[in-house]
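Q: I am new to this structure and would like to learn how its features are read. Please take me through them in order.

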Amino acid sequence: VSAPPRRALPQRPATPPLEALRAWRAAHGPPTQADVVALGRTTGLPASTVRAAFEGYADLRDGECDRHACAGTACWLAGGDANPTDRASAERRAVSCLGHCHAGPATLRTGEGVVSGPSGPCPEPDVRCRASRPVVTGRLDTHRGLAAARSVGVWSAYAAARGRSGDVLVAVEDAGLRGRGGAAFPTGWKWRAAAEAHGDQRVVIANGDEGDPGSFVDRLLLERDPHGVLEGLALCALAVGASRAFVFVRSEYPSAQRAVAEAIAEAEDAGLIGPDVGLEVEMVVGLGSYVCGEETALLGTIEGGPPRVRARPPFPTTSGLYGCPTVVDNVETLVAARWIVAHGAGPFRALGTQESSGTKAISITADFERTGVVEVEFGISLREVIAEAGGSDLGAVLLGGPMGSVLTPERWDVVVCYHRMRAAGVQLGHGGLIPIPIGTDLRALALHLSQFMQEESCGACAPCRIGSERLRDRVEAGDASGAADLGELIAATSLCAFGHFMPGPISALLALAEGQP
Amino acid sequence: MTEERAYLDGRAVAIEAGETILSAARRLGIEIPTLCFDARLAPHGTCRVCLVEVAGAERPHAACHTPLLAGMRVHTQSARVVELRDRVRALQLGATRPGPVDDSHPYLRIDPGACIACGACVAACDQIPGRSVYAIAGRGSHSHLVHGPGDQLAASRCVGCGACVDACPTGAITDRDRACAAPVERTTRSVCGYCGVGCEVEVRATADRVLSISGILGAPVSRGNLCIKGRYAHAYQSSAERLTEPLLRRGADFEPVGWDEAISWLGERLATIHRESGPGALAALASSRSTNEACYLLQKLFRVQLGTNNIDCCARVCHSSTAAALRITTGTAAASACFDDIERAGLIVVAGANPTEAHPVVGARILQAARRGAVLVVIDPRRTELAELADVQLQLRAGTNVALLTGIARALLDSGRVDQEYLRDRTEGLEDLRVMLQDVSVADVAAICGVDPAELERVATLLGAGAPGLFVSGLGLSELSQGVDSVIALANLAMLTGSIGRVGAGMLPLRGQNNVQGSADMGAMPDMITGYQPVTDPAVRDRAAAVWGSAPPATPGMTVTEMTAAASRGELRALWAQGEDLAQSDPYQERVLAGLRRLDLLVVQDSFMSETARFAHLVLPAAGALEQDGTFTNGERRVQRVRAAVSAPGQARPDWEAVRDVALAMGADWGYETAADVMDEVARVAPQLYGGVCFDRLDVGGLQWPCPTLDHPGSPRMHEGGFARGRGRLVPVAYIPSPEADLAEHPYRLMTGRVLDHYNVGTMTRRTPNQTLAPVDWLEMSAADAAREGIGDRETVTVQSRWGSIEAPVRISERVAEGSLFLTFHQPETHTNRLVGPGVDPTSKCPEYKLVGVRIIRRPAV
């Protein structure tokens with residue numbers, strides 16, 4: 001008995017259904033029931049899915065607005081007045097986050113780009129390397145165009161690797177690269193799983209849905225080194241045997257979208273990618289949903305569904321986009337993978353620690369003295385990173401985004417290393433580092449985080465869907481023990497990492513606040 | 001090699017590939033609670049109630065979607081997980097929010113107040129019928145269930161299959177027929193009495209009334225699913241219109257009589273006519289709705305006791321062309337493939353069939369296969385639901401199948417992508433076909449069929465690349481003047497692509513009635529006795545005589561259309577119609593009615609006073625499908641056990657018992673006590689196909705024939721080792737335009753057919769709430785034709801063919817192309833079959849229901 005055929009990937013229409021809904025929303029506003037019927041007919045989506053999309057994606061729910069105020073943690077701490085649960089008005093829409101955490105509070109204004117504070121210009125973030133050699137930040141002084149990118153060697157690794165796909169996979173495995181998006185899963189394992197999974201067609205995806213308030217390195221990579229990202233993606237496709245690739249970029253990152261679109265067009269024109277060379281690359285733009293950074297929710301969005309996490313296993317490597325074996329890798333990971341193929345696994349392993357090879361880009365947010373992105377080698381202590389950033393008068397830091405860790409100074413000697421941080425119960429996440437100055441209203445910060453959770457929970461599983469709201473209620477009521485108790489339930493029983501790590505910082509802040517008046 | 005094992009609560013369990021912790025636990029009898037889990041669906045893990053502890057894991061795992069891996073130590077009942085489960089369950093059960101109840105649908109009720117937004121219904125509707133009526137909208141704590149465009153199920157794409165009800169853990173979605181039902185007294189496993197798919201059903205009932213029906217998880221065909229007819233349309237069973245006693249005509253009226261009087265009267269009348277006019281003046285129609293046992297005994301009564309082969313069944317007016325064509329090409333008049341081939345197919349061709357409406361459970365399986373990536377080609381004059389999903393639809397003009405299929409064959413041969421080895425080793429006639437195809441050009445064919453030649457070429461390319469393929473066909477091929485040739489042309493494609501006898505491939509005609517396969521198997525055919533054995537073969541007659549005591553006559557008898565014609569001429573005097581409602585369902589209604597009026601004896605066995613029964617001299621009340629024991633044989637040759645779930649109303653009896661008693665009254669020594677006794681004799685008469693079939697073996701899942709011996713496991717697929725006729729035969733067939741096509745005075749091509757909510761002439765479904773979902777027969781017309789004729793949507797028009805005239809309301813539809821019309825025949829007042837003419841396929845005698853030249857006349861404004 002032969003196995004049933006795998007699902008094949010349909011060709012994406014010229015206007016994917018969710019793009020059609022976005023365009024319709026911009027032109028017409030919220031849909032009536034008759035509109036839903038008509039949209040179902042024109043897009044091919046079931047009417048129920050049209051409704052779910054309009055209620056599930058913030059961009060479709062709230063529509064276009066001239067002012068997008070960042071409600072991310074860094075911007076809120078920097079004095080921003082937007083909260084994640086704010087409802088959109090004609091004048092302003094709150095979003096989390098704009099990836100300008102180094103210069104908050106940030107606002108995205110139509111026609112003007114991102115401004116800092118009420119109207120000030122937003123400076124470009126500083127990029128520095130404190131590792132012995134840069135892996136991911138080496139080209140962030142802008143190598144956006146193809147010619148500039150090629151002048152520093154981009155696409156040369158791909159040219160050399162063609163026909164040697166096995167070598168690419170082995171190099172990434174040998175390098176011990178782990179996913180930089182937060183989960184730290186061994187990248188080589190993932191690639192091999194997809195390469196060896198049963199399927200006629202394979203897919204690779206660059207996850208550019210950098211939603212964690214507090215980190216913005218992926219934004220910089222997409223904006224300034226888009227060809228480096230694409231080359232990493234192409235190498236991944238080569239290693240796993242994929243013929244289709246996607247770059248998922250958040251709608252909150254319009255500059256990154258432009259850069260990626262230009263880079264795809266350039267690379268296609270140059271014959272580096274495209275259907276003719278067996279790798280079709282498309283950009284997919286998000287519609288305002290934090291959970292789409294979670295890989296299964298991201299797949300659902302590319303398929304045209306509402307923003308919702310799916311159960312794993314099965315993992316995307318065996319059953320991903322339309323059931324095809326799929327690799328979803330964070331942008332920084334792909335750039336690091338490209339470096340490994342270009343320079344070899346050995347040099348990569350020479351960086352960092354035994355358990356965590358290579359480097360990590362840490363995003364240093366507003367209120368540090370030296371904001372921006374700093375690339376460090378694994379093995380450096382958090383205290384050194386904070387010192388490098390010029391942190392002073394800090395009661396604590398929030399590391400790794402809203403689902404990360406609240407760390408008071410006595411815990412700063414922890415070493416930046418997946419293994420040791422895990423042993424210490426510290427989340428590195430995507431490497432966002434947010435200062436919590438002495439005197440910060442910790443309960444208010446906890447409430448702010450819980451509002452973010454309530455707003456961004458996808459609603460797929462019961463503990464997170466219901467728990468996020470109740471957790472917010474308990475934080476608001478000042479019920480620290482109740483929040484901790486509920487938090488444990490949410491962490492233990494939720495479907496995905498959003499729920500697993502949602503309560504950590506909130507409970508930690510409430511515990512810290514016990515000492516506050 | 002050491003056995004790979006894991007431990008559940010300390011108990012060692014062998015690893016089975018792909019098994020989850022939950023299914024392994026259930027295998028061991030360990031209870032793990034669930035809410036959102038449904039064994040029919042991919043686990044979605046949203047309710048988080050089935051948590052278990054896995055040693056070494058950071059947090060509990062959901063048992064429903066976590067694979068059990070070697071070495072895992074799982075604790076399903078630890079105090080911690082039991083507490084977490086309780087808390088998670090309490091959390092969601094305490095977070096429901098009231099909302100307006102939707103009871104717009106006659107069968108389903110949605111109460112948002114009981115919904116926990118687990119998404120089980122979303123998954124069920126998506127993964128079973130593929131309608132995606134439901135979604136969870138909003139996010140986080142705002143997540144809530146929505147259905148259709150506006151939370152009115154009746155206004156959504158819902159097909160009423162009830163899959164969501166079975167999936168819903170909280171009773172937010174419920175069956176309305178279960179709401180205030182009487183207490184269940186009996187639960188019976190049986191087979192659905194509607195279409196030829198043969199879904200097993202669980203019937204819950206009081207002693208005499210069906211309360212509710214559901215699918216059976218693990219049933220081979222339906223896999224736990226049903227359609228709106230099988231699950232819900234059972235109210236007919238307890239209809240006040242059921243016939244409850246034999247009715248004997250006294251002048252213009254019927255008089256109720258007892259069975260004894262009815263039987264002896266009938267025996268005497270049959271004997272009298274036999275004596276006066278000879279056996280050729282008598283004829284019978286077995287019912288494809290009744291059991292194998294009833295069909296078998298009726299043909300035996302007429303062949304042995306009355307000495308005539310004038311026996312036919314309604315297969316004549318549906319798949320007789322398919323049966324003839326498959327017999328010619330493969331040697332067996334049945335599907336070569338089985339339904340399980342749908343999931344194994346890489347390429348599916350659906351020709352002249354609309355299975356998501358007419359065979360919904362199989363249609364849904366095809367739909368899901370296509371969504372998983374199987375290449376789907378649809379050849380149909382209507383844009384069906386499957387056509388919308390297809391890689392290519394060739395929307396040909398009705399009646400041009402042979403041209404189109406030979407055109408594809410030509411393109412396929414030209415491309416060279418045929419299965420040379422298969423053709424060489426397993427078939428014959430390739431050269432003849434090649435010679436004939438030299439005169440066929442793709443361009444000409446495209447012009448004849450009204451399709452794009454590039455699309456036709458693309459289908460040939462898909463067939464060449466995707467071979468072997470599964471060729472699913474329906475009455476859109478069979479019910480035409482070139483019905484046999486249409487199916488032969490399809491079989492030619494199947495053989496060119498090396499498909500027949502291969503896994504996930506072959507010929508899969510979808511049979512219409514629950515037992516249309518069986519009625520033909522049983523010998524309700526004028527030229528063949530039980531098991532497709534020709535009466536003209538002396539050896540066959542000798543073997544039959546050895547069982548029956550005397551041989552059947554050597555001359556083939558009349559087909560059903562010949563019977564009514566003979567009756568109208570006065571040559572046929574007596575007709576026994578088991579079930580068959582000739583007056584409503586047969587073509588050229590005018591002649592049918594004339595024939596019925598002229599008969600000296602018309603006996604009708606039916607559950608209701610059908611249009612035909614009104615002409616009868618004697619009406620015998622029949623038990624329904626849910627009221628008797630016996631067997632049905634479905635479209636994949638699966639013989640399944642039918643069991644009485646309720647008692648029949650009044651004196652209604654199973655058809656086979658009435659036939660037996662008439663035979664006994666006429667002096668036959670038939671000793672059958674039970675339906676099982678009858679099947680035992682069938683096994684002796686048709687040993688090649690039914691030799692190993694007996695009731696004891698049919699308890700679960702049934703048996704697929706050929707099943708020649710008691711230790712034979714049955715045959716899911718045929719012709720695997722070689723064709724039944726030796727070599728598969730490629731037959732050159734040339735397109736001949738139908739006499740109904742391109743008539744100057746009757747320019748429209750009318751097709752007749754069915755919709756989801758009704759079954760054929762509606763005897764059953766019209767007596768259920770399905771009638772509220774589809775109360776009228778609509779005439780589907782393209783917007784272009786409507787505009788040209790100046791006809792508005794819902795306007796009633798006169799439809800005229802050369803044979804008759806009717807009135808029907810127009811529905812402007814995207815499903816039909818310009819120049820084509822479609823009309824259903826469910827409501828007796830429509831008289832659709834007045835339009836259908838006397839034309840038949842010359843070989844199969846199958847009428848041309850799928851093409852009638854008509855014109856449209858607007859009624860004068862009032």
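**Reading the interface, the salt bridges and the backbone**

A: In the interface, 50 residues of chain B are in contact with 54 residues of chain A, where contact means heavy atoms within 4.5 Å. This is a predicted model, in which local features need pLDDT of at least 70 and side-chain atom pairs count only at pLDDT 80 or more, while totals for chains, interfaces and linings use all residues. Residues are numbered from 1 along each chain as its sequence is written, chains are lettered from A and ligands numbered from 1 in the order in which they are written, and side-chain values use heavy atoms, with hydrogens and water left out.

Q: What area is buried between chain B and chain A?

A: The size of an interface is often given as the accessible area lost when the parts come together. Here about 4,000 Å² is buried between chain B and chain A, and carbon and sulfur atoms give 53% of this area. Buried area is the accessible area (1.4 Å probe) that two parts lose on being put together, summed over both. On the side of chain B, the residues that lose the most area to chain A are B:Leu91, B:Arg139 and B:Pro149, together 20% of what that side buries.

Q: How many salt bridges are counted between chain B and chain A?

A: Side chains of opposite charge can pair when their charged atoms come close. The count between chain B and chain A is 5 salt bridges, each being a side-chain nitrogen of Lys or Arg within 4 Å of a carboxyl oxygen of Asp or Glu. In one of the salt bridges, the side chains of A:Arg422 and B:Glu58 meet at 2.9 Å, N to O. B:Asp151 also forms a salt bridge with A:Arg51, with the closest N and O atoms 3.0 Å apart. This pair crosses between chains: B:Asp151 is in the loop between E8 and helix H4 (163-167) of chain B, and A:Arg51 is in helix H3 (residues 47-56) of chain A. Helices (H or I, at least four residues) and strands (E, at least two) are DSSP runs, numbered from the N terminus.

Q: Where in chain A is the peptide bond from A:Gly104 to A:Pro105, and is this bond cis or trans?

A: Most residues other than glycine have a negative phi, and most peptide bonds are trans. The bond from A:Gly104 to A:Pro105 is cis, with omega near -5 degrees. A:Pro105 lies in the loop between strand E2 (93-95) and strand E3 (106-109) of chain A. Leaving aside neighbours within four places in sequence, A:Pro105 is in contact with residues including A:Cys75, A:Ala78 and A:Val115. A cis peptide bond also joins A:Arg312 and A:Pro313, with omega about -10 degrees. A:Pro313 is in the loop between helix H13 (295-302) and strand E10 (326-330) of chain A.

Q: At what angle do the axes of helix H8 and helix H9 of chain A cross?

A: The axes of helix H8 (residues 165-175) and helix H9 (residues 187-196) of chain A cross at roughly 150 degrees and come within 7 Å. Axes are lines fitted to C-alpha atoms, for helices over the stretch in contact, and angles run from 0 to 180 degrees between N-to-C directions. Among the residues that meet are A:Val168 and A:Leu169 in H8(A), and A:Trp191 and A:Ala195 in H9(A).
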